[in-house]
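Please look at the sequence and the coordinates together before reading on.

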Amino acid sequence: MTEASQEKPDAAEEDLRLIERVLGGDRQAFEALVRSHERRVFRVTLAVLGQVEDAEDAMQETFIKAYRHLKQFRRESRFTTWLTRIAVNEALQRRQSRKDHLPLDESSPAQHRDFPQRFEPWAADPENLYTKQELRELVEKAIRSLSAIYRETLILCDIEGMSAKEAAEVLGVNIAALKSRLLRARLMMRDALSASFEQPRPFGRRVVDTAAEVKNMMGMVLMRVARR
Amino acid sequence: MRMLSCEEVLANLSDYFDGECSSEFRAQLEDHISKCRRCRVVFDSTGTMLKILVDVEPFEVPLAVSARLYSRLQEVLSEE
């Protein structure tokens, strides 16, 4: 869990004020509650389901269920956590019924690559290399490249700020499995973004590398020719 | 101080970023990355990646998706 992703305390208090108003019959207050959480709910359902159309349906059901069960919300946990649980459950149920889109699991060959694979340092301030929109597109593309179990773990823990224990509970896996997925997800994300964020290599170094690569390739070509 | 292996550093990278390592292990890990270039690269860039993830707030709700959400909620809430 990263510190920056923690919800602000005043946001949690505002949620409680809005919930009181909704329970008192104020529907406008529910709209305000939806506005402040729709992005989070969309991101979570998209993380689990991978497709915008499915995520949209799951998001609508999440808010309808939240409205209908608001009286059952216990203030021991944050509203955000309660709502995220509903969203994850809703999305997981849909995924289970969608047999043609079962997520890849840890035994998938595509996930057996060893990470990390890239060892060039990143630029000192890579966020300045791109506009905010470009940066967002790079990050979204990298997240989409992960299979579902890594995508949902990364989003719940590193964007939504859930602890490993909370994320393990809502996803229905044990904490050791969750932590192992989180480590792999982070290393895969790092590798996926490395090509865009690594420091440009010094010219001389690249020439040496290129010369070595050419020599290596020439050797392979000569061996193939010799075998004929 | 015992020198950690690169595998131990990698296996505990998440726990380090999540503040779940003991102070002794933390010091051992920091000592290793100060001496090992490859682990330092992985450590630094993983930390940067985690910061970027939060900063960019990926996946906005498309306008049409948001509009359909409010219209559906209005429908459902008015029936309740």
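**A loop, a chain and an interface**

Phe59(B) is a buried residue, because 22 other C-beta atoms lie within 10 Å and the cut-off for burial is 20 or more. The model is a predicted one, and in it Phe59(B) sits in the loop that runs between α4 and α5 of chain B. The backbone at Phe59(B) has a phi near 60°, which is a positive value in a residue other than glycine.

The loop between α4 (37-56) and α5 (63-79) of chain B also holds Glu57(B), and here too phi is positive, at about 45°, although Glu57(B) is not a glycine. Is Glu57(B) buried, exposed or partly exposed? Glu57(B) has 14 C-beta neighbours inside 10 Å and therefore counts as partly exposed, since that class lies between the limit of 12 or fewer for exposed residues and the limit of 20 or more for buried ones.

Turning to the other chain, chain A contains 9 helices and 0 strands, so that its pattern, read along the sequence, is α-α-α-α-α-α-α-α-α. Of the 228 residues in chain A, 34% are buried. When the contacts in chain A with a separation of 6 or more are considered, 71% of them are accounted for by residues 24 or more positions apart.

The two chains meet in a contact that takes 43 residues from chain A and 31 residues from chain B. On the side of chain A that touches chain B, at least two residues each are supplied by α2 (27-49), α3 (52-68), α5 (132-144), α6 (148-159) and α8 (175-197). By class, the residues on this side of chain A divide into 25 nonpolar, 4 polar and 14 charged.

Which residues meet where α8(A) and α4(B) are in contact? From α8(A) come Arg186(A), Met189(A), Arg190(A), Leu193(A) and Ser194(A), and they meet Ser45(B), Thr46(B) and Met49(B) in α4(B). Sorted by class, this contact of α8(A) with α4(B) has 3 nonpolar, 3 polar and 2 charged residues.

Conventions:
Residues are numbered from 1 along each chain as its sequence is written. Chains are lettered from A and ligands numbered from 1 in the order in which they are written. This is a predicted model: local features need pLDDT of at least 70, side-chain atom pairs count only at pLDDT 80 or more; totals for chains, interfaces and linings use all residues. Helices (H or I, at least four residues) and strands (E, at least two) are DSSP runs, numbered from the N terminus. Two residues are in contact if their C-beta atoms, placed from the backbone, lie within 7 Å. Ala, Val, Leu, Ile, Met, Phe, Trp, Tyr, Cys and Pro count as nonpolar, Asp, Glu, Lys and Arg as charged, and the others, Gly among them, as polar.
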